[in-house]
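Keep the structure in view as you read.

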Amino acid sequence: MEFKEFIIRIYEDQSDRSQVEDLERRCKVGPSETMLDSMGDPISRIRNSPMYMMLVAEMENELVGFIQGSIKVVTLKCHPPKGVAKVGYVLGLRVAPQTRRKGIGSSLIQRLEEWFHSNDVDYAYMATEKENHASISLFINKFGYTKFRTPAILVNPVNNHHSFRISSNIDIAKIKIDKAEFLYRRFMGTTEFFPSDIENVLRNKLSLGTWVASFKGENVSFGINGPVNGPINGQVPQNWAMLSVWKSGDIFKLSIGRAPNSCLFFTKSWSLVDKIFPCFGLSTIPDFFNPFGFYFIYGVYHEGQFSGKLVRALCQFVHNMVSKSRDENCNKIIVAEVGGKDEELNHHIPHWKLFSCPDLWCIKALKDEGKNTFHELVTNTQPRSIFVDPREV
């Protein structure tokens, strides 16, 4: 079979957009055959990052592959000298089905890593479905990535006709951005993968806000009923929790090409029961086979023996807020991702096990002097929590 040469170059928005969108539609990723609709903006998933790059592979004037990457500074405790490192995120690797196994994917990864090197990046990392064996094999066996973290992706369908009743003993308030930044830097600043530019995340138009919760009677120092949006004094109650919400559906939508037979049977049965017994107020299951957007809960933090109840109340509050939103997309779901020892929050964050799944992060050291640090990084026990940047979801 004749070998056809290809070139790797930087993505050009005006001339490449339609071909990239067509290629995205033709490429089904992972066991669930997930497809992404970038809604006319192929770089929508990385556009909000501090630095980003998109490369395309071209063969005989036809785009046959592409890859995306972003760079930022994050917290990594064991990285000297100050516990921060510059990391490059690899995402969106696609190769046309008819041109696979010709080295195109490998060439795209190699060129993106060269861009990381030129920008003094310490580590490259990627995330994929835990069952996406082809992608995992490519990055681990050929490029030397190592399995790093396995956070849990928690998916919860939204019922537009049902609202959670939140305990009258719990106060929930939206706080101003400067206060949210202060709290995040103080209480999550040493969290693994915490972004140094958290203020840019919070001020992004896709971030709907940050909310805090505490029990009545414990909220005097935190100021739920007043100073929560006043001067920053750094005092918090004994039990409290906070989270932020990101509207991913405004920049891209997803659809699933294939699901397990058990999932299909459950979905159809559940819809039938809902039609027959609407008074039950069952959650409406999104049509995952048509494009859908989602709301992403990020920056979940909690303190105190009973703070899990506050996390649950905040998630219920978000559900109620989303269910009342005037979103053209009738399929509303809420997604959260937690890792490390914070996976105990699985019991407090509402989700459906049928639709939730484990994620897999893989990481690679790009500098020789960081080999010892890298070994410590990947062999350390799971941290209490990790910060999942909504710009990279």
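pLDDT is the predictor's confidence in each residue, from 0 to 100. This is a predicted model: local features need pLDDT of at least 70, side-chain atom pairs count only at pLDDT 80 or more, and totals for chains, interfaces and linings use all residues. Residues are numbered from 1 along each chain as its sequence is written, and side-chain values use heavy atoms, without hydrogens and water.

Q: What pLDDT does the protein average?
A: Start with the share of residues that score well. 83% of the residues have a pLDDT of at least 70. The average for the protein is 85.

Q: Which helix has the lowest mean pLDDT among the elements of the protein?
A: Helices here are DSSP runs (H or I, at least four residues) and strands are too (E, at least two), numbered from the N terminus. The highest mean, 98, belongs to helix α5 (residues 198-203). The lowest, 48, belongs to residues 261-276, which form helix α6.

Q: How many contacts beyond near neighbours in sequence does the stretch 268-273 have?
A: A contact means heavy atoms within 4.5 Å. Over residues 268-273 the pLDDT is below 50. Beyond near neighbours in sequence, the model gives this stretch five contacts.

Q: Which residues touch the most other members of the largest nonpolar core?
A: A nonpolar core is a set of buried Ala, Val, Leu, Ile, Met, Phe, Trp, Tyr and Cys residues joined through side-chain atoms within 4.5 Å. Buried means under 20% relative accessible area, exposed over 50%, and partly exposed in between (1.4 Å probe, protein chains only). The largest core has 86 residues, and those with the most contacts to other members are Phe-116 and Tyr-123.

Q: How many residues are in the second, separate core?
A: Its members include Ile-170, Trp-211, Val-318 and Val-338. The count for this second core is 25 residues.

Q: Why is strand β15 largely enclosed by the rest of the structure?
A: Strand β15 covers residues 357-365 and has nine residues. It is largely enclosed because the number of its residues that are buried is seven.

Q: Which residue of β15 stands opposite Tyr-123?
A: Two strands pair if DSSP finds at least two bridges between them. Strand β6 (residues 123-129) pairs with β15 in the antiparallel sense over seven bridges. Opposite Tyr-123 stands Ala-365.

Q: Which residue of β15 stands opposite Arg-149?
A: Strand β7 (residues 146-149) also pairs with β15 in the antiparallel sense, over three bridges. Opposite Arg-149 stands Trp-361.
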